[in-house]
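Q: I'm new to this one and would like to learn how to read it. Could you walk me through a few features, one at a time?

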Amino acid sequence: MRTKLTLFFLFFCLTIFAQKIKVACIGNSITYGYTIENRDKDSYPAQLQALLGEGYDVQNYGNCGKTAQNDADDPYTKCPEYQQAKDFLPQIAVIKLGTNDSKPQNWVGVERFIKDLEDLAVEYENLPSKPKIIICLPAKAYKVAWSIRDEVIQQQLPAIKKLAKKHHWQLINLYKKTSGKAELFPDGIHPNAKGAGIIAAEVKKAVLKVKK
């Protein structure tokens, strides 16, 4: 009887320790890996998985063109990945939005943008799995392409920093980390595999700071 109980206890412990930490990467085309030839291997979430190793389950919920704002041309909350990320019940949610919000047809000011970004993040934070939120400043835009405007992205930065501080969310300054690296953004907006690797490395640092 004692042997059976010991074996059961060992099996239970192994099951607990074998559980992977689930990381949901929520975002737009930069998260998706648009323009990266082998996005299944070289998108930032894929590289993040490789960096974190077997103890983590990293899923890519990026969808091209998506905005944080609900009253915009292509809201993230209207795409299937929005619900898929919820159903995943992550322990960590990495949110990187704002680039497409800078388009003229979407931008009416920082107040609406930050309210909708906050509502989105809080909705994930309130999932039954109670994930830790990691929020990213958008990457630098090197050209006005797809109507994306870097001067508007710059207006978002202080507000996102303030939002992260308000909720005690981890903040990743991807704008700073991707500045001065135009050669890694061939179309001016989307990083190549090396650029995605820089993002993955920064996200890894933040993920490892999360208290288990």
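A: Helices (H or I, at least four residues) and strands (E, at least two) are DSSP runs, numbered from the N terminus. A bit of background: this is a predicted model, where local features need pLDDT of at least 70 and side-chain atom pairs count only at pLDDT 80 or more, while totals for chains, interfaces and linings use all residues. Residues are numbered from 1 along each chain as its sequence is written, and side-chain values use heavy atoms, with hydrogens and water left out.

Q: At what angle do the axes of helix α5 and helix α6 cross?

A: Roughly 30°, and the axes of α5 (residues 80–88) and α6 (residues 110–125) come within 10 Å. Angles under 35 degrees count as roughly parallel, over 145 as roughly antiparallel, 65 to 115 as roughly perpendicular and the rest as oblique. α5 and α6 are therefore roughly parallel to each other.

Q: Which residues make the contact?

A: Contact means heavy atoms within 4.5 Å. On the α5 side you'll find E81, Y82, A85 and K86, and on the α6 side L120, E123 and Y124. To sort them by class, Ala, Val, Leu, Ile, Met, Phe, Trp, Tyr, Cys and Pro count as nonpolar, Asp, Glu, Lys and Arg as charged, and the others, Gly among them, as polar. The contact of α5 with α6 then has 4 nonpolar, no polar and 3 charged residues.

Q: How many aromatic pairs are found in the whole structure?

A: Here's the rule: rings of Phe, Tyr and Trp (its six-membered ring) pair if their centres lie within 6.5 Å; planes under 30 degrees apart count as stacked, over 60 as edge-to-face and the rest as tilted. A search of the whole structure turns up 6 such pairs. One of them is Y61 with F88, a tilted pair at 5.8 Å centre to centre, with 55° between the planes. This pair links distant parts of the chain, 27 residues apart: Y61 is in strand β2 (residues 56–62) and F88 is in helix α5.

Q: Are Y61 and F88 buried or exposed?

A: Buried means under 20% relative accessible area, exposed over 50%, partly exposed in between (1.4 Å probe, protein chains only). Y61 has 8% relative accessibility, so it counts as buried. F88 has 11%, so it counts as buried too. Now look at Y76 and Y82, an edge-to-face pair at 6.3 Å centre to centre with 90° between the planes. Y76 is buried because its relative accessible area is 1%, and Y82 counts as buried at 10%. Ring pairs also link Y76, Y82 and Y124 into a cluster.

Q: Which residue lies over the face of Y32?

A: A charge sits over a ring if NZ of Lys or CZ of Arg is within 6 Å of the ring centre and within 35 degrees of the ring normal. R39 does this over Y32, at 3.7 Å from the ring centre. Another case is K140 over the face of Y142, at 5.5 Å.

Q: What do the buried residues of helix α4 pack against?

A: The buried residues of α4 (residues 44–52) are Y44, P45, A46, Q47, L48 and L52. Their packing partners are β1 (21–27), α2 (29–32), α3 (39–42), β2, β3 (92–96) and α9 (193–209). Just after α4, G53 takes a positive phi of about 90°.

Q: Which residues other than glycine have a positive phi?

A: Among them is T35, with a phi of about 80°. T35 sits in the loop between α2 and α3 and counts as partly exposed at 47% relative accessibility. K130 is another, with phi near 50°. K130 is in the loop between α6 and β4 (132–136) and counts as exposed at 54%.

Q: Where does I36 lie, and what does I36 touch?

A: I36 lies in the loop between α2 and α3, and is buried, with a relative accessible area of 10%. Not counting residues up to four places away in sequence, I36 touches D42, S43, P191, N192, A193 and A196.

Q: Is D71 buried or exposed?

A: D71 is exposed, with a relative accessible area of 54%. You'll find D71 in the loop between β2 and α5. D71 touches R112 and D116, not counting residues up to four places away in sequence.

How values were computed
Axes are lines fitted to C-alpha atoms, for helices over the stretch in contact, and angles run from 0 to 180 degrees between N-to-C directions.
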